[in-house]
Amino acid sequence: MSHARRSQPQASADTASSLAILEGRLGYRLEPALLVRALTHRSYAYENGGLPTNERLEFLGDSVLGLVVTDTLYRTNPDLAEGQLAKLRAAVVQARTLAEVARGLDLGAFVRLGRGEEGTGGRNKASILADTLEAVIGAVYLDQGLAAADELVHRLFDPVIERSSNLGAGLDWKTSLQELSAAESLGVPEYVITEDGPDHEKTFTAAARVGGETYGTGTGRSKKEAEQQAAENAWRSIRVAIDGASEGTPAEGQAGA
């Protein structure tokens with residue numbers, strides 16, 4: 001039985017087929033109005049007379065996601081200290097990771113955006129995708145209960161949890177890149193930052209340079225996010241070159257992101 005309130009207006013027939021496609025990917029049928037709300041970004045709500053946004057569902061879904069991920073990490077890593085568990089959880093639930101999972105569902109195609117966000121590529125913005133995914137998880141929890149939300153989170157995030165658990169120091173890519181470059185006597189990593197867009201909507205791009213060569217770039221809504229992404233790409237590029245050399249294949253000089 002659904003736990004969601006039924007007083008919300010029903011979704012229009014125009015959205016029914018679109019919702020059905022998304023529900024098929026989620027594996028659950030939800031109350032249409034609840035799912036529509038989960039997909040309603042504030043930009044769309046404000047342009048259409050102050051409709052309810054997905055922000056309350058996002059708040060709820062964030063907690064549900066955090067609970068399931070924390071429980072999983074606690075049970076599957078009995079020897080890890082609290083600090084390392086916290087780093088693992090942060091790696092799994094960071095906005096960029098959530099956005100990757102959302103892209104796997106093609107969630108951006110279903111988000112209701114205002115004209116301004118639509119025109120600036122909002123359907124592929126990490127922050128919007130991450131927030132919408134949390135809102136959808138919140139909607140599944142409300143409509144189907146914790147067991148269903150738990151199953152959905154596991155299905156979507158278990159591969160991410162496994163990958164993060166294998167990263168070791170890679171939970172902090174800047175630290176990992178510094179350690180790798182030091183071990184290989186490549187020099188100290190440097191980050192060249194550029195920015196684009198108005199003050200309230202800036203996008204930062206970072207280039208990770210080691211020994212005068214750019215090995216990876218990254219973008220983000222903050223300098224920190226851009227640097228971490230650039231460091232990850234650089235670490236992977238250098239690691240591929242090292243592994244290739246150890247296998248007797250020529251290492252590529254400069255690797256892009």
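Colleague: At what angle do helix 4 and helix 5 pack?

Modeller: Two packed helices are described by the angle between their axes and the distance between those axes. Here helix 4 (residues 55-76) and helix 5 pack at about 135 degrees, their axes being 10 Å apart. Axes are lines fitted to C-alpha atoms, for helices over the stretch in contact, and angles run from 0 to 180 degrees between N-to-C directions. Helices (H or I, at least four residues) and strands (E, at least two) are DSSP runs, numbered from the N terminus. Helix 4 is therefore oblique to helix 5; under 35 degrees is roughly parallel, over 145 roughly antiparallel, 65 to 115 roughly perpendicular, and the rest oblique.

The model is predicted: local features need pLDDT of at least 70, side-chain atom pairs pLDDT 80 or more, while totals for chains, interfaces and linings use all residues. Residues are numbered from 1 along each chain as its sequence is written, and side-chain values use heavy atoms, leaving out hydrogens and water.

Colleague: Which residues of helix 4 and helix 5 make the contact?

Modeller: Contact means heavy atoms within 4.5 Å. Helix 4 contributes L65, G66, V69, T70, L73 and Y74, and helix 5 contributes L85, L88, R89, V92 and V93. Eight of these residues are nonpolar, two polar and one charged; Ala, Val, Leu, Ile, Met, Phe, Trp, Tyr, Cys and Pro count as nonpolar, Asp, Glu, Lys and Arg as charged, and the others, Gly among them, as polar.

Colleague: How do the axes of helix 5 and helix 9 cross?

Modeller: The axes of helix 5 (residues 82-93) and helix 9 (residues 146-165) cross at roughly 135 degrees and come within 9 Å. Helix 5 is therefore oblique to helix 9. L88, A91 and V92 of helix 5 meet F157, V160, I161, S164 and S165 of helix 9. That contact has six nonpolar, two polar and no charged residues.

Colleague: And at what angle do helix 5 and helix 6 cross?

Modeller: Roughly 45 degrees, with axes that come within 5 Å. These two helices are therefore oblique to each other. A91, V92 and V93 of helix 5 touch A95, T97 and L98 of helix 6. Five of the contact residues are nonpolar, one is polar and none is charged.

Colleague: Which element gives the largest share of the lining of the second largest pocket?

Modeller: Helix 6, with four residues. The lining divides into three nonpolar, nine polar and eight charged residues.
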